[in-house]
Amino acid sequence: MAAGSALSLIAAAICLVLALAVLAPVASGDGATLESVPDLVKAMYLNIESFPCVRLLNLSGEIGCSNPGSEKIITPIVRFRKGSDQLVQPSTVLLPLDQMSDFFLRVSNDPELLRKVSGVLIESSGVSNNLQGLSPDRKFPQDAFAPYSNHTHDWNPAGSGIMWNRYDFPVFLLSEESTRTLRKVSEKNEKTGNGYKANVAEFDLVMQTTKAQTHDSASCLKEHSCLPLGGHSVWASLPPIKNGSTEHQKPIILAVTSQDSASFFRDRSIGSDSPISGLIALLTAVDALSHIHDLSNLKKQLVFAVFNGEAWGYLGSRKFLQQLDEGADSVNGINRLMIEQVLEIGSVGKAVTGEYPSFYAHAAGNSPASKKILDALQSASKSLGSDNVKVTQAASSNPGVPPSSLMSFIRKNMSTSGVVLEDFDSHFSNRFYHSHLDNPANINSSSIAAAAALAARSLYILASADSVVDLMTLNTIKVNVSLVEELIGCLLTCNPGLSCGLVKSLISPSSSSCPSHYVGVFLDDPSGTQFPSYADDTSRFVWNFLADRTSTSAGNKSSCTGKCGDEGEVCIGAEVEGGGRCVVSTTRYVPAYSTRVKFEDNAWHVLPANSSDPMGVVDPVWTESFWDTIGLRVYAVQDSTYDWLILLAGLSITAASYCAVHVGRTYILKVVKRD
């Protein structure tokens, strides 16, 4: 028995040695102890921080990115270093940022390359100064909405148009840390040198519209696989309009700007210059005007509007005008016929090109009212004196106003008197329009502060009408430069981002991640918009900020967590701990979604085009596909030679075990018989 047992132990030892010899290379070599299945998964898979390009739809088709089917994609990673690089097999392309535009244009025109592209990973770059320009939008953004016939003008010379194409493969923008990691992974693949790439990327970017085979907005809304793009705009009056009444109302000076941007990558729509610089300038101008006493004595009423969804068919401004026509509660207090002049603050973050800021005023037509806005801007510029803020009328060779919310007003009424204040003349100065690179490094805070001062003083001059402007009061209108810096930190940076003190004093942010100004989707019934349960952080902040700066204190100064008791009062800071306070303010939310969709029977429906609404006729009706999980991870796949070695070793172990058992059994039987 003893000899038999010894032989069995020897056989088992041989099996163990063989197993360890075969399996040893699997260990990571970092000495980590795998104590559970999650530990094993963590050791095997590397989750990559990244930002996806997603699938969007309109009435005529799709744009954006998605897995071609409902399955995950797993392919080796290959890094492109120059535009002429080729692929020998289906692969994931690791792409330098400066090749992004050329690569996607090439893929759209090269079927052979397209067949071998399984996914694309875009490297991040902390420095954008070396790039001549990167704009995935068209050279004339949203030209179908222009109120003039010349649609060939290159407002956006850097525009490539790649964000408006459909790609049946996943595309992700990597973080800077992920970029470094993936470069190392691709280098390992290059060193294999045998055509077999051991490190692969696994994509999980399955859009619901792809699974449901719904390839346009009408069909996906019908099948509930998408939702319309939209959000909430905000408007406020200074001083408050008493009881929201339109009776005996003064002529209105309307100051507008936008709060949303776009990008190839959904969650990296920062829009620092276009258009958030204009939003910051408007908020700062409102703050400056709020310190003036006796604004109620001015001959005209100041109204401020911040539109959402402008990057996707001017959703906010068009819905605002529709609500005015319908006399909706969301615009109670404004009579469209009383809107006399419109001043829009556009991209104003790059006006400092020399010793002093230089802005351009793009006027709608040559009406006397438009000329008064130009004159007010010039007077405001002169009043700033040593600050040397220059305003120049845009070139007469331009086809009309640049892409802006003012286009909605002009298409609604061609006699609209309005001016757009921009940091460019005939072409965008922003080289990264609607790109993730339109970040805080792309703007200058002193340029925004100058635009805010110019706008505040111009609005005061316009509201004074033809009466003699009180120069003493005009010269007291000064902007808070620290507020500009604070708003840049809150709305455009990751640190502090929406966790900044100013934002948290007014709302409880739903996200602590880096700010993104993508419009999002409109979920359900848009009724009761004065207390929307899902307005995004930016809209809620803008509402509370404007309500605060345009308010007068309520008589009872009561605390609140929602509605206030008296008519004309609103609750500021209702979300913050301890509750908010009731103030007298005319500040309202306005839904911002396509005029061609309607929520009925618990679902969204596309409405027929109305010939009386020219912008509605060309409205693409943008929707966003649902998805389950978006993920990107990287892991190693062993070489096929190693797979054969594992198989051979397994067979050897099995054979050795069988032999050991057979020999041991035979020996034991002999010993038993002898006994």
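Is C560 buried or exposed, and what is its relative accessible area?

Modeller: C560 is buried, because its relative accessible area is 7% (buried means under 20%, exposed over 50%, partly exposed in between, with a 1.4 Å probe and protein chains only). Before going on, the ground rules: this is a predicted model, local features need pLDDT of at least 70, side-chain atom pairs count only at pLDDT 80 or more, and totals for chains, interfaces and linings use all residues. Residues are numbered from 1 along each chain as its sequence is written, and side-chain values use heavy atoms, with hydrogens and water left out.

C560 has a partner: its sulfur sits 2.0 Å from that of C571, which makes a disulfide (a pair of cysteine sulfur atoms within 2.5 Å). The torsion about that S-S bond is 95°, a right-handed link. C560 belongs to strand β20 (residues 559-560) and C571 to strand β21 (residues 569-572), so the bond ties together parts eleven residues apart in sequence (helices are DSSP runs of H or I, at least four residues, strands runs of E, at least two, numbered from the N terminus). C571 counts as buried too, because it has 6% relative accessibility.

Number the bonded cysteines in sequence order and the pairing reads 1-2, 3-4, 5-7, 6-8, 9-11, 10-12.

Another one joins C53 to C65, S to S 2.1 Å. Its torsion is about 85°, so this disulfide is right-handed. C53 is in the loop between β2 (50-52) and β3 (55-58), while C65 is in strand β4 (residues 61-65), twelve residues away. Both cysteines are buried.

Then there's C494 with C514, sulfurs 1.8 Å apart. The torsion is about 115°, so the bond is right-handed. C494 lies in the loop between α14 and α15 (501-504), and C514 in the loop between α15 and α16 (537-549), 20 residues apart. At 42% relative accessible area, C494 is partly exposed, and C514 is partly exposed at 30%.

Since α14 came up: helix α12 (residues 445-463) packs against α14 (residues 481-492) at about 125°, axes 9 Å apart (axes are lines fitted to C-alpha atoms over the stretch in contact, angles running from 0 to 180 degrees between N-to-C directions). The touching residues (heavy atoms within 4.5 Å) are S445, I448 and A449 of α12 and V481, V484, E485 and I488 of α14.
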